[in-house]
Amino acid sequence: MKSISSASRRGLFRHMGECGSQQYDKISEEEESSTSKNVNKVSIVPLIFLIFYEVSGGPFGIEDSVQAAGPLLSIIGFLFFPVIWSIPEALITAELGTMFPENGGYVVWVSSALGPFWGFQQGWMKWLSGVIDNALYPVLFLDYLKSGIPVLGGGLTRTAAVLILTVGLTYMNYRGLTIVGWVAVFLGIFSILPFVVMGFVAIPRLNVSRWLMVDLSNVDWNLYLNTLFWNLNYWDSISTLAGEVHNPKKTLPKALLYALILVVLGYLYPLLTGTGAIPVDRELWVDGYFSDIAKILGGVWLSWWLQGASALSNMGMFVAEMSSDSYQLLGMAERGMLPEFFGRRSRYGTPVIGILFSASGVLLLSWLSFQEIVAAENFLYCFGMILEFVAFVRLRMKRPEAPRPYRIPLGTVGCILMLIPPTILIIVVLAFASFKVMVVSLFAMMVGFILQPFLNYVGRNGWLRFSLSSDLPDVEEAENEDGASLIS
C-alpha cells in the first residue's frame, strides 16, 4: 500500500476509464502470484450460486406478491420484471465488471465516470442498502421456523437467535470467500430440491384457471412493486468482489447468464405450483406460506424439509451479501476512499474490518419489520442505480475505445433506450415510498454527503492513513507511459 493525498485520489479516477483496462491486462498474468492476494480465486460454479444468493436465494419472500396483487399479476411480474430490470442490470454488470475487474465494483465505475465524490456516495448508499438487505435474512429465517418452533416468534428467545445466527455466519465469512462460495453451492441445491419435489407432487391437483385470477380494484401496488424489486435486483453486487474471481473477464458474464436463468425459474416454478395446486386465499400469502402449501400437498415431512431449506437459504443469502458488502469496503480502501485499516485482510485473505462493520449494521437494523426493511433498502438502492446508469452511459460516451472484454451488443443510443424502462421503474418505486421511509433514507444520504468531505479533511490532517494498493493499476502512470511511447 502506498500513501496518497486526496488530490491524488481525484487524479487517480480522472483517467481510469481511458487506460485502466490496459493496465488490468498487464497485471492479470501476475495476479495469481501476488503476495497481497495469496488466496484461492472463486471459480464459475461457486460464482453462479453467490450471484444466485445475492439476488434471490429461492422463492422465500415472494409470497407477498400474491397477497398484494393475486396470482396473475404476480406471475406476470416475475416474467416481465426480469426483462425490464434484471437483464439490463446484469448486462451493465458484465460490461463494467470486466472493464474494471477489481474489488469495489460499482464504486470504481461511478468514480471513473463522475469523480470520487459521487463514487463515495455510490459506495455509501449501496453499502447501506446491502446491510439493510442483510438484516432481512435473520427475520425471514425465524419467520419460517416459528410455525414449527413458536417460541422463535418474539421476545428474548428471538433476539438471542438473531445474535447467534449473525455471529456464526459472520465467522463463516471470516474464514474465506472460497468456503462461502462452495457452501453457497450446497445450500442452493438443498434449498431448490423441495420445490422441485413439491411441483411433482402438485401435478394431479393443478388447476390452470387459478393462475388467471386478478382483481385490479384490490391491488397493493406499493407492496407488489417493492416485493418484485427486492427479489430481482442486486445483480451488480457481485462486482464488488470481482478481484477475487478467477479470470473475471470470461467467468463473470457466463456466471451472470446462468444465474439469471436459475433465479427466474426458481421463482416461477414454485409460484405456479402454489397458486395452481390449492385454492387461492390472498390473505394467507405471507412470509413462510410456502411451508404451509408443502404440508397440504405432501405432508409434514415436505413442510419440514421446506422450512429447513428456507433456513439454509437465508444463511446462503446472508453470507453472500456480507461478502459483497465487506469486499466493497476493502475495494474502497484500496482506492484510497476509506481509511487504510478497511483494506487489511485476515490470514484467510478476508476483509476482517469490513466484515465486522457489516455485521454490526445487521444487528442494529434487525429489529425492523420485513416490509420496512424492504422499502428502505429499495429506496437507497434506487438512487445508487441512477448513479450507475449515468456512469455507464458516460463511460460509453467518454471512453468509447477503452477495452471492454465483454461489451453489450448495442450502441450508445441503444443502451440509453435499454435504460429507459428501468429508470421509469425506479421513479415509480421512489414515488410509492412511505413518508417514514423517505425521510430516513434521505437522512442517510445526507450523512454520505457530509462523510466524504469529512474523510478528506481527516486524511489531509493525517489523523487517519489513506493509501492506494500497489496491486492496482496506477492509471495516471499508465497514461504517461502510453504518451511517451507514442512520442518516441
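## An aromatic cluster

Ring pairs join Phe81, Trp85, Phe229, Tyr234, Tyr381 and Phe389 into a cluster. Rings of Phe, Tyr and Trp (its six-membered ring) are taken as a pair if their centres lie within 6.5 Å; planes under 30 degrees apart count as stacked, over 60 as edge-to-face and the rest as tilted. The model is predicted, so local features need pLDDT of at least 70 and side-chain atom pairs count only at pLDDT 80 or more, while totals for chains, interfaces and linings use all residues. Residues are numbered from 1 along each chain as its sequence is written, and side-chain values use heavy atoms, with hydrogens and water left out.

Tyr234, one of the cluster members, is found in the loop between α9 (221-231) and α10. Helices (H or I, at least four residues) and strands (E, at least two) are DSSP runs, numbered from the N terminus. Tyr234 has a positive phi of about 75° although it is not a glycine. With a relative accessible area of 2%, Tyr234 is buried; buried means under 20% relative accessible area, exposed over 50%, and partly exposed in between (1.4 Å probe, protein chains only).

## Overall architecture and confidence

The protein chain has 17 helices and 2 strands. Of its 488 residues, 59% are buried. Among contacts in the chain with a separation of 6 or more, 87% are between residues 24 or more positions apart; contact means heavy atoms within 4.5 Å.

The mean pLDDT of the protein chain is 84, and 85% of its residues reach 70 or more. This score is the predictor's confidence in each residue, from 0 to 100. Over residues 1-38 the pLDDT stays under 50, and the model has 96 contacts beyond four places in sequence for this stretch. Residues 474-488 also have pLDDT below 50, with 21 contacts beyond near neighbours in sequence. Where pLDDT is low, the predicted coordinates should not be read in detail.

## Further aromatic contacts

The count of aromatic pairs comes to 26. Phe49 and Phe52 form an edge-to-face pair, 6.2 Å centre to centre with 75° between the planes. Both residues lie in helix α3 (residues 44-55), 3 residues apart, about one turn of the helix. Phe49 and Phe52 are both buried.

Another pair is formed by Trp118 and Phe449: the ring centres are 6.1 Å apart and the planes stand at 85°, so the pair is edge-to-face. This pair links distant parts of the chain, with Trp118 in helix α6 (residues 116-145) and Phe449 in helix α16 (residues 435-460), 331 residues apart. Trp118 is partly exposed at 36% relative accessibility, and Phe449 is partly exposed at 29%. A ring also takes part in a contact with a charge: the charged end of Lys126 sits over the ring of Tyr106, 4.1 Å from its centre. The criterion is that NZ of Lys or CZ of Arg is within 6 Å of the ring centre and within 35 degrees of the ring normal.

The buried residues include Leu223, Tyr224, Phe229 and Trp230. Asn247 is placed in the loop between α9 and α10. Its phi is near 50°, a positive value in a residue other than glycine, and Asn247 is partly exposed at 33% relative accessibility.

Thr251 lies in helix α10 (residues 248-277) and is buried at 9% relative accessibility. A polar atom of the Thr251 side chain lies 2.7 Å from the backbone oxygen of His246. A polar contact is a pair of N or O atoms within 3.5 Å; within protein, one must be able to donate a hydrogen and the other to accept it, and residues adjacent in sequence count only if both atoms are side-chain atoms. Not counting residues up to four places away in sequence, Thr251 touches Ser43, Ile44, Leu47, Val245 and His246.

## Cysteines and Ala294

The model has 0 disulfides, a disulfide being a pair of cysteine sulfur atoms within 2.5 Å. Cys382 is buried at 0% relative accessibility, and Cys415 is buried at 1%.

Ala294 lies in helix α11 (residues 289-298) and is buried at 0% relative accessibility. The C-alpha atoms of Ala294 and Gly199 are separated by 9.6 Å, although these residues are 95 residues apart along the chain. Ala294 touches Met198, Gly299, Leu302, Ser303 and Leu306, not counting residues up to four places away in sequence.
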